[in-house]
Amino acid sequence: QVQLVESGGGLVQAGGSLRLSCAASGSTFSIFYMGWFRQAPGKEREFVGGISWSGGSTYVADSVKGRFTISRDNAKNTVYLQMNSLKPEDTAVYYCATAPRASRSPEMYDYWGQGTRVTVSS
């Protein structure tokens, strides 16, 4: 079992920044890949990016490339999503999740956090 807890969401003006955290606990030795997803009202869940738990290789979706960065702190069992130059269209609930391999598909992910809400005002 893996437990994931997201934090760091909130209300921010367009152009501002937020850093989201995802703290993992439980059987963290079983984590191979950590992904970030977001879901806006009325829209499907969207893959934002991910990071290899051991190697640290990252991938960021084209929609946020150049603005968002993913990093990790294995000693703290935590991954981060640094969000800069935020836009109103970034407004969504953001989730972290674990997968056995790198994937853009939500169906590949086994464990999910509860989500943290990000609201970007204009």
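Predicted model: local features only at pLDDT ≥ 70, side-chain atom pairs only at ≥ 80, totals over all residues.
Trainee: How many disulfides does a search of the whole structure find?

Mentor: One. The disulfide joins C22 to C96, and the S to S distance is 2.0 Å.

Trainee: And which parts of the chain does that pair link?

Mentor: Distant ones: C22 is in strand 3, residues 18-26, and C96 is in strand 9, residues 92-99. The two cysteines are 74 residues apart.

Trainee: Why is the disulfide right-handed?

Mentor: The torsion about the S-S bond of C22 and C96 is about 70 degrees, so the disulfide counts as right-handed.

Trainee: Is C22 buried or exposed?

Mentor: C22 is buried, because its relative accessible area is 0% and the cut-off for buried is under 20%. C96 is also at 0% relative accessibility, so C96 counts as buried.

Trainee: You mentioned strand 3. Which strands form the open sheet, and in what order?

Mentor: Four strands, in the order 1-3-8-7, with antiparallel pairing. The edge strands are strand 1, residues 2-7, and strand 7, residues 68-73. Each of those two pairs on one side only.

Trainee: What does the twist average from one strand to the next?

Mentor: The average is 15 degrees.

Trainee: How many bridges are there between strand 1 and strand 3?

Mentor: Six, and the two strands pair in the antiparallel sense.

Trainee: New topic. Where is T98 found?

Mentor: T98 is in strand 9, the strand that also holds C96.

Trainee: Is T98 buried or exposed?

Mentor: Buried, because its relative accessibility is 5%.

Trainee: Which residues is T98 in contact with, leaving aside its neighbours within four places in sequence?

Mentor: Among them are V2, L4, I31, Y33 and M34. The list also includes M108, Y109, D110 and Y111.

Trainee: Let's do aromatics. How many aromatic pairs does the count come to?

Mentor: Six. One of them is F37 with F47, whose ring centres are 5.3 Å apart and whose planes are at 70 degrees, so the pair is edge-to-face. This pair links distant parts of the chain, with F37 in strand 4, residues 33-39, and F47 in strand 5, residues 46-52. The two residues are ten residues apart.

Trainee: Are F37 and F47 buried or exposed?

Mentor: Both are buried. F47 has 10% relative accessibility, so F47 counts as buried.

Trainee: What kind of aromatic pair do F47 and Y59 form?

Mentor: A stacked one, 6.1 Å centre to centre, with 15 degrees between the planes. Here F47 in strand 5 is linked to Y59 in strand 6, residues 58-60, twelve residues apart.

Trainee: And Y59, how does that residue count for accessibility?

Mentor: Y59 counts as partly exposed, because its relative accessibility is 29%.

Trainee: Which residues form the aromatic cluster?

Mentor: F37, F47, Y59, Y95, Y109 and W112 form one cluster.

Trainee: Which ring does the charged end of R45 sit over?

Mentor: The ring of Y95, at 4.1 Å from its centre. There is also R104, with its charged end over the ring of Y59, 4.4 Å from the centre of that ring.

Trainee: What about S105, where is its place?

Mentor: S105 is in the loop between strand 9 and strand 10, and strand 10 is residues 111-112. At 27% relative accessibility, S105 is partly exposed. The C-alpha atoms of S105 and F47 are separated by 7.3 Å, although the two residues are 58 residues apart along the chain.

Trainee: Last one, backbone angles. What is phi of N77?

Mentor: Near 50 degrees, which is a positive value in a residue other than glycine. N77 is in the loop between strand 7 and strand 8, where strand 8 is residues 78-83. With 23% relative accessibility, N77 counts as partly exposed.

Trainee: And where does S85 lie?

Mentor: In the loop between strand 8 and strand 9. S85 has a positive phi of about 50 degrees and is not a glycine. Its relative accessibility is 41%, so S85 counts as partly exposed.

Notes: Residues numbered from 1 in each chain as written. Heavy atoms only, no water. Disulfide = S-S within 2.5 Å. Buried < 20%, exposed > 50% of the residue type's maximum accessible area, 1.4 Å probe, protein only. Pairing = 2+ DSSP bridges. Axes fitted to C-alpha atoms, helices over the stretch in contact; angles between N-to-C directions. Contact = heavy atoms within 4.5 Å. Phe/Tyr/Trp six-rings, centres within 6.5 Å; stacked < 30°, edge-to-face > 60°. Lys NZ or Arg CZ within 6 Å of the ring centre and 35° of its normal.
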